[in-house]
Amino acid sequence: MAFLEAQKLVKEYNRRGKTFRAVDDIDFTIEPGDFVMIEGESGSGKTTFLNLLTGLTDPTSGAVIIDGRSLKETGDKEISKIRNQKIKYIPQGESLLSALTVRENILFPFTIGGLERPSEERLLEVSDKLGITDLLDEYPSDLSGGEMRRATIARAVINKPSLIIADEPTGSLDSANTFKVMEIFRDIASEGTAVIVVTHQKETLGYATRVLEMDQGSLKEVV
Ligand SMILES: Nc1ncnc2c1ncn2[C@@H]1O[C@H](COP(=O)(O)OP(=O)(O)O)[C@@H](O)[C@H]1O
Ligand SMILES: [Mg+2]
């Protein structure tokens with residue numbers, strides 16, 4: 001069974017009195033260990049699609065099935081539980097909290113919502129892998145863009161989610177950091193986590209096991 005499945009997913013918005021489909025009838029599945037990259041022009045519907053997959057946005061029609069359960073059929077509480085435990089979303093832009101250290105940022109999701117706090121061992125394992133162990137007590141304002149991004153990834157992977165979704169995670173990074181971040185996602189996928197990354201940098205597509213293109217709300221398999 002696919003971990004996540006989108007069935008005939010449609011999201012309509014209104015603009016100047018006209019309805020248009022930001023996401024237009026998308027069928028999509030992802031299996032554990034898949035590393036899916038989605039490319040496409042700005043405004044083609046990539047972020048809207050990711051928001052539908054995580055349940056942040058309700059579809060106009062169609063369904064998202066996670067672990068065999070429709071996001072629509074489960075109560076709100078169930079959705080947030082699935083979201084918190086099994087799916088980690090790395091939104092576009094910076095999302096670290098500036099008043100917290102890197103360590104506090106990584107552990108912050110576990111101080112709310114009653115999730116089990118990862119052990120110190122696990123924290124060190126993840127931060128070693130991402131090369132941020134020496135930065136755990138620093139504040140985000142003292143980090144480079146690449147270091148901040150790696151800290152954000154640490155926060156996402158620490159509880160071994162089933163699915164990681166990242167919206168243009170290398171947007172503001174130089175190419176050395178871009179490739180470092182892509183290698184991290186590839187490693188995460190090789191350990192069985194499904195990964196979806198939206199990118200506009202064609203040179204990164206080689207890291208994916210599947211490449212899809214978003215074009216005016218339609219998703220097509222490229223590789
Ligand atoms: N909340 C919204 N209300 C109305 N239109 C929206 C909303 N969110 C996105 N759109 C429109 O939907 C289209 C797809 O946007 P988006 O998913 O952000 O594209 P991408 O991430 O590929 O740049 C764009 O035309 C955008 O302006
Ligand atoms: Mg976007």
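A polar contact is a pair of N or O atoms within 3.5 Å. With that cut-off in hand, and bearing in mind that this is a predicted model, one can turn to ligand 1, where a polar side-chain atom of Arg 15 lies 2.8 Å from an oxygen atom of the ligand. An N or O atom in the side chain of Thr 48 is 2.6 Å from an oxygen atom of ligand 1, while Gly 45 contributes through its backbone, with an N or O atom 3.1 Å from an oxygen atom of the ligand. Of the 560 Å² of accessible area that ligand 1 has on its own, the protein covers 65%.

The residues around ligand 1 include Tyr 13, Phe 20, Glu 41 and Lys 46, and by class the shell is made up of three nonpolar, six polar and three charged residues. Strand 1 (4–15), strand 2 (18–30) and helix 1 (46–53) each supply at least two residues of this shell, and the largest share, three residues, comes from helix 1.

Helix 5 (residues 145–157) can be considered next. Its 13 residues should span 18 Å at 1.5 Å a residue, and because its end C-alpha atoms are 19 Å apart, the model agrees with that expectation. The helix is largely enclosed by the rest of the structure, because 11 of its 13 residues are buried; among them are Gly 146, Met 148, Ile 153 and Val 157, together with the charged residues Arg 149, Arg 150 and Arg 155. The buried residues of helix 5 pack against strand 6 (87–90), helix 3 (102–107), helix 4 (120–130), strand 7 (163–167) and helix 6 (175–190).

Key:
Residues numbered from 1 in each chain as written. Chains lettered and ligands numbered in written order. Predicted model: local features only at pLDDT ≥ 70, side-chain atom pairs only at ≥ 80, totals over all residues. Heavy atoms only, no water. Near = heavy atom within 4 Å. Polar contact = N/O pair within 3.5 Å; in protein donor to acceptor, adjacent residues only side chain to side chain. Areas by Shrake-Rupley, 256 points an atom, 1.4 Å probe, with all protein chains shown as cover. Helix = DSSP H or I, 4+ residues; strand = E, 2+ residues; numbered from the N terminus. Expected span 1.5 Å × (residues − 1). Buried < 20%, exposed > 50% of the residue type's maximum accessible area, 1.4 Å probe, protein only. Contact = heavy atoms within 4.5 Å.
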